[in-house]
Amino acid sequence: MIIVLNSNITEEQKHHIRSFLSSKGYQVHEIVGTEETVFGAVGRATVDVREVEMLPGVAKVVPITKPYKLASRELKKEDTIVQVGKHVTIGGGRIVVIAGPCAVESREQIMRIAGEVREAGAVMLRGGAFKPRTSPYAFQGLGEEGLKYLKEAGERYDMPVTSEIVSPDSVEMMKDYVDMFQIGARNMQNFELLKAVGKTGMPVLLKRGLSATIDEWLMAAEYLMSSGTDQVVLCERGIRTFERATRNTLDCSAIPVVQKLTHLPVIGDPSHATGMRDMVSPMSLALIAGGASGVIVEVHDHPEQALSDGPQSLYPEQFEKMVRDIEALAPVVGKSLERVPRSHLAVSAEIAGQVPDINLDLPIAFQGVHGAFSELAVSRLFGEAAKTYPCKEFFDVFKAVDSGKVIYGVVPVENTLGGTVNGTIDLLTRFPNIQVVGEQQIRINHDLIVVPGAQLSDIKEVYSHPQGLAQCADFLAKYLPDARPVSFFDTAGSVEYIAQQDDKSKAAIAGKPAAEFYHMEILREGIETNPKNYTRFYVICRQEHARAFLSSHSPNRTVFSFTVGDQPGTLLKVLKVLEAHRMNMKKLESRPIPGKPWEYSFVVESEIPGAEAFLQARGELRDVCGNLQFHGTFFAE
């Protein structure tokens, strides 16, 4: 059962409720959410629900109807985000790529492959040390020696590692080598193994059994969770059907089904599902499109010589292309690719010590109110746990960064439909000490948001930012022709406003995060006329803090502004410098110079072909430009 607690409950009342339930034979799990705190009580015991409802501090009691209790979405509405190692999180708004050989064959082999997959974009390393094989004569793995090599490779390339465990007797030994246990398909219902692994409290990757139903899969997760771990990741790896064209049948439809039934993250294993390397990349994209939080794939530099599953192992160059394809798909499904290290969370002690007065616990500034798309960009960049600092105007974001109130700010710079956000461009020139150090792309999904219980027929006014209203004009004309559109300063702010008004006649157009934050209801999803609506955001910080924003990639973009003389051909000279050094322009804007009527500066965003070419170009640009300012370098997806 779920015991929803009063918002003003005392610790003494909590202790009394927990003691009462424990005395009746229940295991009690406290779950703290953004909306409410609950106790999940599970076990074989029975108790009169009215006894629990009468306890001080209890708001209500809700029975859990599913056979799996702790894994059920009924118990926990919010998605669980599983932490693996220091930097990697699985779930939420990011896509995790786990890669490595099917089996650890030697120290040299795992070291080579670990370096290649890390460079291509993997954030976790996989490798089998104990290999349960259909044939007793097939390679069974190197055992503990293989785990030692796997751990060494993970530490060298800063990647947490996962490996399959096949026996309860191996738990104590393996937990010192791996960051995440992996339960293979053949052991999904090895309940003694599940209980032994669950007791460690460590993260677990649970693969779906060869012929397991979704309910059986979730019951296996329940064994892990009831034994002591809440860090469980589900893995769809294909099921056995009558079809023999592929090794197994990849059940992509299981991804959205499972996401409705459980709060646990789910990833996919296209390598084992298909058994053929040429199918791994397209099936990886299918899994991501279906909502998976990541993929685990097999990679080998010489698959024709692999001791296990060579035909399904990608070549390193195939893997790199697959990661780039996933990276391109991620914004379409509203997610971003997980990287190690991640932004400010990965600042090393050495670099942090060299940066004066840096406090990494400070919030990240954004324009708007809670629930804004800018705040969503912050969570994609810095993680869901990042603290945020809402600002009314773009100027306030820059001011907060410049004054040291925050270290980082996130501001929009360009929208695919609305064009350049000139306010951000102008502020870069007004704050010369602020640098652009990163970017994030967000797909803008507009929803019609109302007070809970409202219907289309109730709506008389629709509030949103002018661009939001314009981008949803076709929907409004068709379904709400008599409703009055009302311009608001911010999309999320319009949701905050209708929540305060508590009036069913008022609706807002904004994104899902705003609806969730203000406890409003989404009446219609995806109402924008053009679904190809993306906004690109800059990450900004003070110049002296720029080094602390680490990335797993070298900068490939720069932003700079300049002026030229009022003479024919002066702009052409600048363009020739860029051409000579292969600095492909991605953006060129002219902006009026304050206080100088009819005079303009130019703002350029361009690619960086290489560090040496960039340095040479900078020197030459100074010779042909007036008032040249570089506003930062960063890595663009």
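Biologist: Is H302 buried, partly exposed or exposed?

Modeller: Ground rules first: this is a predicted model, so local features need pLDDT of at least 70 and side-chain atom pairs count only at pLDDT 80 or more, while totals for chains, interfaces and linings use all residues. Residues are numbered from 1 along each chain as its sequence is written, and side-chain values use heavy atoms, with hydrogens and water left out. Buried means under 20% relative accessible area, exposed over 50%, and partly exposed in between (1.4 Å probe, protein chains only). H302 has 36% relative accessibility, so it counts as partly exposed.

Biologist: Where does H302 lie, and what separates its C-alpha atom from that of P316?

Modeller: H302 lies in the loop between β14 (294–298) and α11; helices (H or I, at least four residues) and strands (E, at least two) are DSSP runs, numbered from the N terminus. H302 and P316 are 14 residues apart along the chain, and their C-alpha atoms are separated by 9.3 Å.

Biologist: Which residues gather in a patch of negative charge on the surface?

Modeller: Patches take residues with over 30% relative accessible area and no salt bridge, joining like charges within 9 Å and nonpolar side chains (Val, Leu, Ile, Met, Phe, Trp, Tyr) within 5 Å. The negative patch here is made of E116, E119, E317 and E320.

Biologist: Which elements give two or more residues to that negative patch?

Modeller: Take E119 as one member of the patch: E119 lies in helix α3, and at 61% relative accessibility it counts as exposed. The elements giving two or more residues to the negative patch are α3 (107–120) and α11 (316–329).

Biologist: What is the phi of D158?

Modeller: D158 is found in the loop between α4 (144–156) and β9 (161–164), and it is partly exposed, with a relative accessible area of 37%. D158 is not a glycine, yet its phi is positive, at about 55°.

Biologist: And what about D502: which value is its phi near?

Modeller: D502 sits in the loop between α18 (491–501) and β24 (506–510). At 57% relative accessibility, D502 counts as exposed. Its phi is positive in a residue other than glycine, near 50°.

Biologist: How many salt bridges does a search of the whole structure find?

Modeller: Side chains of opposite charge can pair when their charged atoms come close. A salt bridge here is a side-chain nitrogen of Lys or Arg within 4 Å of a carboxyl oxygen of Asp or Glu. Searching the whole structure gives 32.

Biologist: How far apart are the closest N and O atoms of R50 and D48?

Modeller: R50 is exposed, with a relative accessible area of 59%, whereas D48 is partly exposed at 32%. Their salt bridge has its closest N and O atoms 2.8 Å apart.

Biologist: Which residue meets E298 in a salt bridge?

Modeller: E298 is buried, with a relative accessible area of 0%. E298 lies in strand β14 and its partner in strand β8 (residues 124–126), so the pair ties together parts that are 172 residues apart in sequence. The N to O distance is 3.7 Å, and the partner is R126.

Definitions and conventions. Areas by Shrake-Rupley, 256 points an atom, 1.4 Å probe, with all protein chains shown as cover. Lys, Arg positive; Asp, Glu negative; His and termini not counted. Charge placed at Lys NZ, Arg CZ, Asp CG, Glu CD.
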